[in-house]
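Please take a moment with the sequence and the model as they come up, and then we can walk through them together.

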Amino acid sequence: MHKRPLFRGVLLTLLLLTSSAFAAAQTPAPEILFTVAMSRPHTHLFDVEVAIKRQANAPPQEQLMMPVWTPGSYLVREFERHVQDFNATDAAGRPLKWEKTNKNTWRVITNGAREWRATYRVYANELSVRTSELNSSHAFWNNANLLMYLDGQLKAPSTVHVLAPDVWKVATGLPGVPGQRNTFRAENFDILYDSPFEASNFKTLVFNVKGVPHRIVIDGEGNYDPERMRTDVQRIVETEVELMGEIPYRDYTFILHLRQNAGGGLEHLNSASLGYPRFDLRTRPGKRTTSAAPIATDDSESDYRGFLSLVSHEFFHLWNVKRIRPDALGPFDYTQENYTKLLWVAEGITDYYAEVTLRRAGLISEEDYLDAAARAIQGLQNTPGRLVQSAEESSFDSWIKYYRQDENSINSQVSYYDKGALLGMLLDLQIRQRSSNRKSLDDVMRFLYTEFFKKNRNYTPADFQKAAELMAGSSLEEFFTRYVRGKDELDYNGALAAVGLKLDTGVTTVDGKPVERAILGADLEQDQDRLMVRSVRAGSPAYEQGLNAGDQIVAIDNVRVTRDFFIARLGEKKPGDLINLTIFRFDDLSTLLIKLGARTEGTYKLVPLPNQTEAQKQIYRAWLGLRA
Ligand SMILES: [Zn+2]
């Protein structure tokens with residue numbers, strides 16, 4: 001963001017006054033008024049009008065541009081592909097000539113007109129936190145999907161007037177224009193594009209933190225307990241505000257869509273969009289029991305805890321990424337990729353704080369926090385790509401890799417979320433240990449907020465390392481070289497010793513010998529009545545002996561299989577046993593004889609070291625927010 005809306009109001013006025021002397025030499029920003037109408041919601045077509053008004057110096061032609069991506073979701077999504085029925089007219093309604101000059105640019109021949117307007121429609125039928133949906137029950141949109149900017153005028157303020165069905169309310173993080181119904185003001189286009197809208201018959205839960213109003217706008221029915229949700233979200237907000245020290249906004253809006261298959265979140269300056277499965281808002285008792293064959297990247301079971309984790313993550317972003325901004329992330333270039341090596345901080349460390357916050361807020365137990373951390377470690381260690389791609393490389397290539405995963409991703413990539421969160425934990429523990437519990441990663445985040453955001457600067461990878469070293473009181477060059485820029489295995493036990501813990505990898509022994517279990521190394525998916533190989537882990541027996549992602553397994557040892565049946569049979573095998581797989585590869589039936597490998601590891605756990613010192617106990621309590 002170029003201009004912060006909340007701290008710079010006074011400064012901006014001052015600048016405008018003092019710069020008026022040479023205003024004649026500079027072209028003042030045009031007046032830009034958007035009208036977003038939805039007269040036929042069932043067609044999924046938004047009617048957008050953009051009216052441009054200039055005081056002077058109107059150029060003979062102007063270009064309207066549609067962003068190709070929206071900040072927070074690092075993939076070029078080509079929002080311009082949903083634009084249709086473009087037209088331009090002058091103030092008297094006479095048509096103006098226009099042409100497209102590339103995929104997302106409309107050049108309008110205005111002949112120097114000071115007032116003109118363009119109209120177009122945008123098809124919106126995809127509900128996700130980064131796209132838009134209009135139908136007979138609601139409208140949700142990201143402005144980067146809908147509103148074009150005037151080339152060269154990203155700093156211009158604009159007004160958005162929403163014409164929604166009478167029975168719908170309108171929610172957004174943008175401030176309303178006093179006295180004008182459903183009319184909102186954006187100080188510049190970075191703020192405009194950072195402020196999604198919801199228009200519907202939504203329900204609202206409200207609470208205040210330090211006198212600042214917060215609301216949860218809920219579209220869709222679900223099995224949530226409103227009072228519990230309100231109280232718990234408030235607790236998350238309070239805990240993160242306490243951590244960062246202040247509230248840098250005037251109000252905050254969570255827009256929550258409850259649908260059967262909704263998911264994900266997107267952070268904004270003073271709002272967040274969230275999607276969650278509507279019937280997964282209860283606590284699921286007894287879940288997360290051990291799995292003999294953990295899948296690396298996700299825990300597909302969602303429940304109320306997962307919802308709190310999502311809230312905690314997106315809310316923490318209001319500092320980490322929206323204000324503590326990595327080098328390339330704001331002001332944005334909306335026409336192409338914006339590269340940064342820092343998504344492991346922006347996303348990974350946000351993920352670390354999402355979990356730590358739930359613990360410090362008292363919303364989850366110590367055991368729950370430590371179990372989740374152990375699962376995260378196991379997930380990373382089961383990802384062969386951790387040895388192929390560094391956290392910085394993963395961040396940088398997000399645009400072509402993280403958001404475009406395929407069957408090879410597990411072998412060639414590491415998630416900057418998953419590894420970044422663990423790097424955050426390791427760094428936090430290192431800083432606490434080296435500073436004798438006087439400093440922590442919390443201090444790093446506050447330092448970046450004060451020294452970068454408040455001084456209107458973005459930070460670089462070197463700045464981040466320096467901030468961490470400042471708090472640790474010594475060099476972290478080796479840490480950053482090996483684990484952030486490099487691909488070395490993380491030293492979990494080295495870091496966990498600070499809090500008197502160690503990683504137990506679940507190796508069981510009989511007569512002093514580790515018990516070996518048979519392993520194939522393929523991730524399987526039941527697709528209706530077909531058992532499909534989703535991916536094959538590099539180095540595993542499946543990989544080395546020729547099973548392919550995309551193969552359909554028909555039978556094991558000549559008996560027809562389902563996923564459950566297959567896993568049960570595998571569980572009966574010993575390392576070195578042969579299995580005979582009947583597979584379809586494309587259209588061809590064949591058989592594969594595979595010799596199973598061995599693994600000794602079971603379910604990871606974080607367990608206390610014997611004879612913990614008082615120093616370890618103290619750091620542990622400070623880390624997880626436990627009373628002394
Ligand atoms: Zn995030």
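Predicted model: local features only at pLDDT ≥ 70, side-chain atom pairs only at ≥ 80, totals over all residues.

Leu 626, if we set aside its neighbours within four places in sequence, is in contact with Arg 359, Glu 366, Tyr 620 and Arg 621, where contact means heavy atoms within 4.5 Å. Leu 626 sits in the segment after helix H17 (614-624), and helices here are DSSP runs of H or I with at least four residues, while strands are runs of E with at least two, both numbered from the N terminus. From Leu 626 to Val 388 the separation is 238 residues in sequence and 38 Å in space, C-alpha to C-alpha.

Residues are numbered from 1 along each chain as its sequence is written, and side-chain values use heavy atoms, with hydrogens and water left out.

Now to the whole protein. Its secondary structure comes to 17 helices and 31 strands, and its C-alpha atoms fill a box of roughly 90 × 65 × 45 Å along the principal axes. The radius of gyration, taken over C-alpha atoms, is compared with a globule rule of 2.2 Å times the number of residues to the power 0.38; for 628 residues a compact globule would come near 25 Å, and the protein, at 27 Å, agrees with that. Of the contacts with a separation of 6 or more, 69% join residues 24 or more positions apart. Among the 628 residues, 52% count as buried, which means under 20% relative accessible area, with exposed being over 50% and partly exposed in between, using a 1.4 Å probe and protein chains only.

Let me turn to charges. How many salt bridges does a search of the whole structure find? The search finds 31, a salt bridge being a side-chain nitrogen of Lys or Arg within 4 Å of a carboxyl oxygen of Asp or Glu.

One of them joins Arg 228 and Asp 232, with the closest N and O atoms 3.6 Å apart. These two residues are separated by about one helical turn, because they lie four residues apart in helix H4 (residues 226-244). Arg 228 is partly exposed at 37% relative accessibility, whereas Asp 232 is buried at 10%.

A second pair is Arg 386 with Glu 489, whose closest N and O atoms are 2.6 Å apart. Arg 386 lies in the loop between helix H7 (366-381) and helix H8 (391-396), and Glu 489 in the loop between helix H13 (477-484) and helix H14 (492-496), so this pair ties together parts that are 103 residues apart in sequence. Arg 386 is buried, with a relative accessible area of 14%, while Glu 489 is partly exposed, at 35%.

Asp 428 and Arg 432 form another salt bridge, at 3.0 Å between the closest N and O atoms; both lie in helix H10 (residues 418-434), four residues apart, and both are buried. There is also a network of salt bridges that links Asp 47, Asp 85 and Arg 121.

Finally, is Gly 571 buried or exposed? At 62% relative accessibility, Gly 571 counts as exposed, and its place is in helix H16 (residues 563-571). Its C-alpha atom is separated by 21 Å from that of Thr 591, 20 residues apart along the chain.
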